[in-house]
Amino acid sequence: MWNSKPIIMVVSGPSGSGKSTVIKEFLQQTPAFGLSISHTTRKKREGEVEGKDYYYLSKEEFQRMIDNSDFVEWAKIYDNFYGTSRQEVQRILESGLNVLLEINVDGLISAKKIFDDLVSVFIIPESMEELVRRLKERNTENEEDLKKRIAEVKREISFINFYDYVIINKKNNLSEAVATISHIFQAEKIKTRRFLNIKESFFGGFEWQE
């Protein structure tokens, strides 16, 4: 049996890029992946489920996990903390699945210090104008919040060379973005470095018979 090294894939993208929709569709089509569920100090919203949407913690509990180095990455966003635990990643790996992390560029930088073989993907729309249109269409931010979002987009884009792949999530073309991330997965899983015992498995107990 040829054993292959599992893939840990990071997917990032600015708010309004459509990354969550792409990820959701990709996971539905690709049962070989498990989505890492983040921990947060944010209050649970109506309809959200513990262990499905987030693991909900108090700020004191979150701080204890920070102190114990339990996180692959964590960040404070506005007044709440968000983080990916080592235990959550290990849980998915032990189930025999590849891992998908939906985190930002700061999370990627932290995760790279722990996992030396990450596959990283950055998702953006075809233009800044399209991204702003999507943000305005959501109607969830006032003018000041929108300015903050745009400033954050500029910051995130400045780190784009930290990523292995970029996917342009075009308007009304979700299927193309999902197909692209699927192609990335197919290519990554057959790279030679993924095969842990290829020589031993290939030759097995073979002996040349004259």
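Start by selecting strand S5 (residues 71–77) and strand S6 (residues 80–85): they run antiparallel and are joined by 6 bridges. Keep in mind that this is a predicted model.

Zoom in on the end of S5. Ile-77 has Asn-80 of S6 as its bridge partner. Now click Tyr-78. The hairpin of S5 and S6 has 2 residues between the strands, and Tyr-78 takes a positive phi near 55°.

Next stop: the largest nonpolar core. This core holds 18 residues. Select Met-9, Val-11, Phe-26, Phe-33, Leu-100, Val-121 and Ile-167, which touch the most other members. Then colour strand S1 (8–12), helix H1 (19–29), strand S8 (119–124) and helix H7 (174–188), the elements that each give two or more residues to this core. Which element gives the most? H7 does, with 5 residues.

Stay here and pick Phe-33. Beyond its neighbours within four places in sequence, Phe-33 is in contact with Ile-7, Met-9, Phe-26, Leu-27, Leu-97, Asn-98, Val-99, Leu-100 and Phe-185.

Now switch to a second, separate core of 16 residues. Select Ile-92, Ala-111, Leu-118 and Phe-122, which are among its members. In soluble globular proteins, nonpolar side chains tend to be buried together.

Last stop: Ser-12, in strand S1. Is Ser-12 buried or exposed? Ser-12 counts as buried because its relative accessibility is 0%, and the cut-off for buried is under 20%. Look at its side chain: a polar atom there lies 2.5 Å from the backbone oxygen of Ile-103. Show the surroundings too. Not counting residues up to four places away in sequence, Ser-12 touches Lys-19, Ile-103, Asn-104, Val-105, Val-121, Phe-122, Ile-123 and Tyr-163.

Note on methods:
Residues numbered from 1 in each chain as written. Predicted model: local features only at pLDDT ≥ 70, side-chain atom pairs only at ≥ 80, totals over all residues. Heavy atoms only, no water. Core = buried A, V, L, I, M, F, W, Y, C linked by side-chain atoms within 4.5 Å. Buried < 20%, exposed > 50% of the residue type's maximum accessible area, 1.4 Å probe, protein only. Helix = DSSP H or I, 4+ residues; strand = E, 2+ residues; numbered from the N terminus. Contact = heavy atoms within 4.5 Å. Pairing = 2+ DSSP bridges. Polar contact = N/O pair within 3.5 Å; in protein donor to acceptor, adjacent residues only side chain to side chain.
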